[in-house]
Amino acid sequence: MTTAVLQVDRLCKSFGGVHAIRDLSFTVNPGEVLGLIGPNGSGKSTTVNALAGVFPATSGDIVLAGAHVQNLPEYERVALGLARTFQTASIFPEFTVRQQVTLGGNVTLKSHPLSSVFGVGTHKGEAETVVARVDEILEIAGLLAVADAKVNTMSSAQQRFLMIATALAAEPRIILLDEPAAGLVSHERETLGALIKTIRDRGTAVLVIEHHMALIMEVCDRIVVLNFGSKICEGTPSEIRNNQAVIDAYLGEAA
């Protein structure tokens with residue numbers, strides 16, 4: 001029986017009297033892509049932030065690799081194997097691409113977090129391992145050719161791929177992708193889809209929060225649909241595509 005990487009059980013989050021998430025439950029398995037979709041205001045961003053530890057859950061359980069993390073701060077969840085990206089690119093503009101990805105892996109190092117970036121105080125044998133791992137990630141993300149370029153010289157699409165590469169450097173068990181296709185044109189979304197599948201095939205679970213339905217339908221093994229903070233449907237892409245509750249949530253209930 002497969003042990004879930006992430007298990008969410010009856011998760012609730014309220015802001016004052018507003019219930020942003022209501023009794024939300026789902027699991028993400030190793031090497032699986034799970035989509036989280038819903039119309040604006042459905043609770044997607046609140047869910048991601050609760051999972052990542054940006055703010056505490058009001059109630060419910062979040063279990064990451066067997067550990068209850070709902071009361072842990074963000075950095076402890078990262079150390080346990082959860083990484084995330086953001087809706088807007090989070091970058092160090094004066095770093096090179098290689099330096100930013102290298103810094104993203106600091107949670108796995110025995111040396112000082114900045115040692116692999118600036119070349120001082122490295123643990124014996126660790127520097128070579130870091131370089132090899134960063135090169136592999138850059139190649140997967142399509143960024144190896146611009147590894148030594150300054151981050152602030154890159155296109156917005158390249159910066160989005162860099163954000164994913166930086167998250168991968170932490171060697172996560174699961175990566176949360178928060179609207180990764182925002183601002184991407186058609187061929188860039190195709191590249192993103194291929195990257196998400198590669199991440200999955202390497203054994204890392206992926207939770208994708210996305211408005212672009214064609215991408216969701218292409219890359220996801222299962223999809224959870226939210227509306228007004230509650231799960232209204234869960235299933236495969238083909239099941240979701242033809243579900244009347246999903247159609248009503250996005251298009252409005254028929255008169």
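**Figure 1. Pairing of N227 with S230 where strands β9 and β10 meet.** In this predicted model, N227 has S230 of β10 as its bridge partner. Strand β9 (residues 222-227) is joined to β10 by 5 bridges, and the two run antiparallel; strands count as paired if DSSP finds at least two bridges between them. Helices (H or I, at least four residues) and strands (E, at least two) are DSSP runs, numbered from the N terminus. Residues are numbered from 1 along each chain as its sequence is written, and side-chain values use heavy atoms, with hydrogens and water left out. Because the model is predicted, local features need pLDDT of at least 70 and side-chain atom pairs count only at pLDDT 80 or more, whereas totals for chains, interfaces and linings use all residues.

Figure 2. The strands follow the order β6-β7-β8-β3-β9-β10, with mixed pairing. At the edges stand β6 (82-84) and β10 (230-235), each of which pairs on one side only. Neighbouring strands of this sheet are turned against each other by 20° on average, direction ignored. Helix α1 (residues 44-52) lies across β3 (33-37), β6, β7 (174-178), β8 (205-209) and β9, and runs at about 140° to β6. Helix α7 (residues 186-201) lies across β3, β7 and β8, running at about 150° to β8. Axes are lines fitted to C-alpha atoms, for helices over the stretch in contact, and angles run from 0 to 180 degrees between N-to-C directions.

Figure 3. A205, which lies in β8, is buried, with a relative accessible area of 0%; buried means under 20% relative accessible area, exposed over 50%, and partly exposed in between (1.4 Å probe, protein chains only). Leaving aside residues up to four places away in sequence, A205 touches V5, V28, N29, P30, G31, E32, R173, I174 and I175, where contact means heavy atoms within 4.5 Å. A205 and L176 are 29 residues apart in sequence, and their C-alpha atoms are 8.7 Å apart in space.

Figure 4. Strand β1 (residues 6-15) pairs with strand β2 (residues 18-28) in the antiparallel sense over 7 bridges, and S14 stands opposite H19 in β2. These two strands form a hairpin with 2 residues between them, and G16 in the turn has a positive phi of about 65°. Strand β1 is also joined by 5 bridges to strand β4 (residues 59-64), again in an antiparallel arrangement, with S59 in β4 as the bridge partner of C12.

**Figure 5. Packing of helix α3 against helix α6.** Helix α3 (residues 97-104) and helix α6 (residues 156-168) pack at an angle of about 35°, with their axes 7 Å apart. The contact is made by V97, Q100, V101 and G104 of α3 together with L162, A165 and T166 of α6. Since 6 of the 8 residues of α3 are buried, this helix is largely enclosed by the rest of the structure; the buried residues are V97, Q100, V101, T102, L103 and G104.

**Figure 6. The chain as a whole, for orientation.** The chain has 10 helices and 10 strands, and buried residues make up 49% of its 255 residues. Among contacts between residues at least 6 apart in sequence, 63% join residues at least 24 apart.
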